[in-house]
Amino acid sequence: MQITDEVVVVSGGGSGIGLECAKQASRRGASVVLVDISLDAAKRGLGELVPGRHLALGADVTDRPAMNEVLDFAAAELGGLTSVIAAAGIVCRVPLAEVDPAEFANVFAVNVFGMQNTIAAAAPHLKKTGRPGAIVALGSVAANTGGGLMGSGVYAASKGAVVGLIRGYARELAPWGIRANVVAPAATETPMTLALSDDERSRIAGMSLIGRLCTPDEIASTVNFLLSEGSGAITGQVIQPNGGVYFN
Ligand SMILES: NC(=O)c1ccc[n+]([C@@H]2O[C@H](COP(=O)([O-])OP(=O)(O)OC[C@H]3O[C@@H](n4cnc5c(N)ncnc54)[C@H](O)[C@@H]3O)[C@@H](O)[C@H]2O)c1
């Protein structure tokens, strides 16, 4: 299969960081596949992209057959897939020692299994392109801090698992020229952080050296750099646009 153009899959592409990543990718001429559990949100997202050959598809990342179906469809429509941004995620604020097992399992279903389902469903298509590909998953500072900024230790544990998952992909897919990295932001201004009270917001802002939450475009530009040829030597890494909340 000959692919000359970039086709970027964005899970959680209907909102926040995923949508901002998609907007930036469309600005450089990429085709974008917005996949979201909310088809309406994905369709609204289409309207924010620079016009092109884009798709909005409804699927739950926890449903592997559904992810296979939508990504096979997207690859057939657009002539293949070249990269994946795995952004779909949920936060959990219940402490580890108190969380209901079903809620714990649900956080892992979306944040870990969901990323696995997205990337594994895309992998056969990425391998077929015969050109360098890239995977970027959204992690979080929580993986290093143990939570406490926004999510609890439940969220932190799920984002820690994302790091191991992506390092595994970096190693497994290297023979096909596919790189895989994690972008781990600090609290970012998206619908996910709308639930924060004013007090929590200023406490979180005060933990950073920049004195504010990150913006979605700051995170998206990091993600899109990791899809570019200029980042060709970066794989298996955790890149942290975190406003200096901590140093690596
Ligand atoms: N906003 C932050 O402060 C922040 C900080 C660090 C990391 N992150 C991570 O960045 C990613 C994006 O977060 P955001 O702030 O843009 O969140 P958001 O809530 O604005 O967007 C998340 C999107 O994922 C979709 N989604 C949720 N569950 C899904 C499922 N099961 N299947 C398919 N789609 C699903 C939602 O419909 C939504 O459109 C997440 O992985 C999050 O954990 C966010």
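This is a predicted model: local features need pLDDT of at least 70, side-chain atom pairs count only at pLDDT 80 or more; totals for chains, interfaces and linings use all residues.
**The ligand and its surroundings**

Let me begin with Val61, where a backbone N or O atom lies 2.9 Å from a nitrogen atom of the ligand, a polar contact in the sense of a pair of N or O atoms within 3.5 Å. Residues are numbered from 1 along each chain as its sequence is written, and side-chain values use heavy atoms, with hydrogens and water left out.

Turning to the oxygen atoms of the ligand, one is 2.6 Å from an N or O atom in the side chain of Tyr155, and an oxygen atom also lies 2.7 Å from a polar backbone atom of Thr188. On its own the ligand has 830 Å² of accessible area, of which the protein covers 91% (Shrake-Rupley method, 1.4 Å probe).

How many residues surround the ligand? There are 28, and the closest are Ser15, Asp36, Tyr155, Thr188 and Thr190, where a residue counts as near if one of its heavy atoms lies within 4 Å.

The rings of Phe104 and Phe108 have centres 4.8 Å apart and planes at 25°, so they are stacked (centres within 6.5 Å make a pair; planes under 30 degrees apart count as stacked, over 60 as edge-to-face, the rest as tilted).

Terms used. A polar contact is a pair of N or O atoms within 3.5 Å; within protein, one must be able to donate a hydrogen and the other to accept it, and residues adjacent in sequence count only if both atoms are side-chain atoms. Rings of Phe, Tyr and Trp (its six-membered ring) pair if their centres lie within 6.5 Å; planes under 30 degrees apart count as stacked, over 60 as edge-to-face and the rest as tilted.
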